[in-house]
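Hello,

Here is the structure we talked about. Please have a look, then read my notes below.

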Amino acid sequence: MSPRRAPAIDVRDLTVRYGDVLALDAATLVLGHGRVCGLVGMNGSGKSTLFKAVMGMVRPDRGTVLLDGAPPARARRAQAVGYVPQSEDVDWAFPLSVRDVVMTGRYGYQGPTRRARPADRAAVDHALDRVELTDLADRQIGALSGGQRKRAFVARGLAQGATILLLDEPFAGVDKRSEATISTLLRELAADGAAILVSTHDLHALPALADEAVLLQQRVLLHSTPDEVLRPENLALAFGLEITP
Ligand SMILES: Nc1ncnc2c1ncn2[C@@H]1O[C@H](COP(=O)(O)OP(=O)(O)OP(=O)(O)O)[C@@H](O)[C@H]1O
Ligand SMILES: [Mg+2]
């Protein structure tokens, strides 16, 4: 019998401020392995802040984050967590090829010299193949389209072998084909036991993508099934769509 496993993502009572701005207010979110969770909320609702706090990139005022039972820094050292940032948070001018970007997912395995071994190259090739970017592997990352860039970052998480994947709006500005490629891949990774937290504004695609969904508005307003989250009265809570006469 295997020992009981800690949740993949365990966020408790997380409060984050930027100066006077309250970006997250006592947010709690627990996600198990093998699950895809969609994160839904309007612009400025704290989605990216939640990802950054889970990664240990912003310091919470209050609350805790555990990944596989460990603090973010330890989970990152163990290569347990992969992060695909929102496009706006990436400097696309850095002079790296697609293959180089994906190889950064292997740095944690390579020691200080960062010399790629055959296993690293094989993992990168496999990841590029799964996101259908093999043909563009030697192109500079900044010379890709938006959807291709997203797939390159997903490949980085794949090459890393992360079992917790955080994707901040991977479908923004992405065509249906790329969306389907990424979405299918996420479902396959979850079937293999990965925990996947993915923010999206594509509400129509949510039921096919996710097992569960979270409505965020600084606080977690609702954590339920995608169908429940998509009920008009629940969306109105997060998006303020109700119209007062
Ligand atoms: N570095 C920062 N300094 C100050 N305020 C910030 C910073 N980053 C985010 N904020 C503010 O924190 C709040 C939450 O921002 P966040 O980026 O987490 O929202 P989001 O849900 O990801 O929005 P979007 O859908 O537009 O990506 C917003 O009010 C935003 O203006
Ligand atoms: Mg964001």
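Which residues in H5 meet which residues in H6? Ala123, Val124, Ala127, Leu128 and Arg130 in H5 meet Ala155, Leu158 and Ala159 in H6. Contact here means C-beta atoms, placed from the backbone, within 7 Å. The residues of this contact are seven nonpolar, no polar and one charged. Nonpolar covers Ala, Val, Leu, Ile, Met, Phe, Trp, Tyr, Cys and Pro; charged covers Asp, Glu, Lys and Arg; the others, Gly among them, are polar.

Some housekeeping. This is a predicted model, where local features need pLDDT of at least 70 and side-chain atom pairs pLDDT 80 or more, while totals for chains, interfaces and linings use all residues. Residues are numbered from 1 along each chain as its sequence is written, with chains lettered from A and ligands numbered from 1 in the order written. Helices (H or I, at least four residues) and strands (E, at least two) are DSSP runs, numbered from the N terminus.

Back to the helices. H5 (residues 118-130) and H6 (residues 146-160) pack at about 140°, with axes 8 Å apart. Axes are lines fitted to C-alpha atoms over the stretch in contact, and angles run from 0 to 180 degrees between N-to-C directions.

Next, ligand 1. The residues around it include Tyr18, Lys47, Ser48, Thr49 and Gln86. Near means a C-beta atom, placed from the backbone, within 6 Å. H1 gives the most to this shell, with three residues. By class, the shell has three nonpolar, eight polar and one charged.

Best wishes

Methods: Two residues are in contact if their C-beta atoms, placed from the backbone, lie within 7 Å.
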